[in-house]
Amino acid sequence: MANKWTTLEESWEILDQLADPYVGIVRREYRKLRDVDDIWGHSYGAHGTDSNILFGVPSNSYNGGGSANPAAARLAAIGETVERYSAAYLPLNSDVVCFGTQKDLIKEGKSVIGFDKWEMYAVTQYEDPNFPHDRWNEDTKLWWRKGHIAENNEEVWTPAQLIHIANYTEWPGDPNIGHATSNGLACGITYQEAAISGLFETIERDAFMLTWYNKLSLPKIDINTSP
């Protein structure tokens with residue numbers, strides 16, 4: 001039998017402790033105004049603490065959450081602040097990162113999601129002399145981050161700068177191969193809830209981009225189906 005999803009009340013007991021003007025990951029909170037043509041929901045903003053103080057890398061400062069429930073909107077804002085703060089931490093002195101080329105890792109028997117699996121940018125972008133990101137290949141030395149394949153939980157390694165929300169210059173010796181975003185990043189009360197939420201967000205963003213790039217018409221929604 002599957003465990004139940006954490007309730008709003010249980011989540012509040014945990015996440016509320018992370019918001020404090022002096023020692024919290026969330027240092028400031030504020031309600032956001034709803035414009036005249038916005039949906040009838042609640043929007044909450046959260047200002048994160050300066051992660052430079054603790055581990056020397058800046059994290060995303062302004063975050064937010066929305067929901068039909070004001071308490072859930074606040075918790076979403078706290079959760080988003082925590083997830084981005086956590087992703088700014090670079091575990092350089094640990095066994096979850098390593099430095100080397102894709103060839104090196106494969107020789108060591110590691111499974112990788114390498115340059116041949118990532119589709120980063122268009123050829124025309126790389127040809128632009130002002131484009132900030134470099135091409136990379138199996139001989140490019142990078143920091144790699146250990147993770148697990150969602151389908152079977154097998155160990156896999158991929159470039160760390162594409163996972164952690166930190167400037168590539170924070171990874172010693174890394175070339176600038178791409179820009180990391182928070183797509184697929186999630187905070188959860190349990191590991192399973194965080195993982196599922198991250199997967200859902202990845203699917204959501206993928207569907208949006210497929211629709212955008214293919215210029216597809218969106219399905220019509222009957223507004224009378226929702227209060």
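Layout first: I read the chain as α-β-β-α-β-α-β-α-α-β-β-α along the sequence, with helices (H or I, at least four residues) and strands (E, at least two) taken as DSSP runs numbered from the N terminus. This is a predicted model, where local features need pLDDT of at least 70, side-chain atom pairs count only at pLDDT 80 or more, and totals for chains, interfaces and linings use all residues. Residues are numbered from 1 along each chain as its sequence is written, and side-chain values use heavy atoms, with hydrogens and water left out.

Next I checked the helix pair. I find α1 (residues 8–15) packing on α3 (residues 70–87) at about 45°, axes 10 Å apart; axes are lines fitted to C-alpha atoms over the stretch in contact, and angles run from 0 to 180 degrees between N-to-C directions. From α1, Leu8, Ser11, Trp12 and Leu15 make the contact (heavy atoms within 4.5 Å), and α3 brings Ala71, Ala72, Arg74, Leu75 and Ile78.

Then I looked up Thr140, which sits in the loop between α5 (123–127) and β5 (142–148). Is Thr140 buried or exposed? I get buried, at 14% relative accessible area (buried is under 20%, exposed over 50%, partly exposed in between; 1.4 Å probe, protein chains only). A polar atom of the Thr140 side chain lies 2.9 Å from the backbone nitrogen of Asn137. Leaving aside neighbours within four places in sequence, I list Gly100, Thr101, Gln102 and Pro175 as contacts of Thr140.

Conventions: A polar contact is a pair of N or O atoms within 3.5 Å; within protein, one must be able to donate a hydrogen and the other to accept it, and residues adjacent in sequence count only if both atoms are side-chain atoms.
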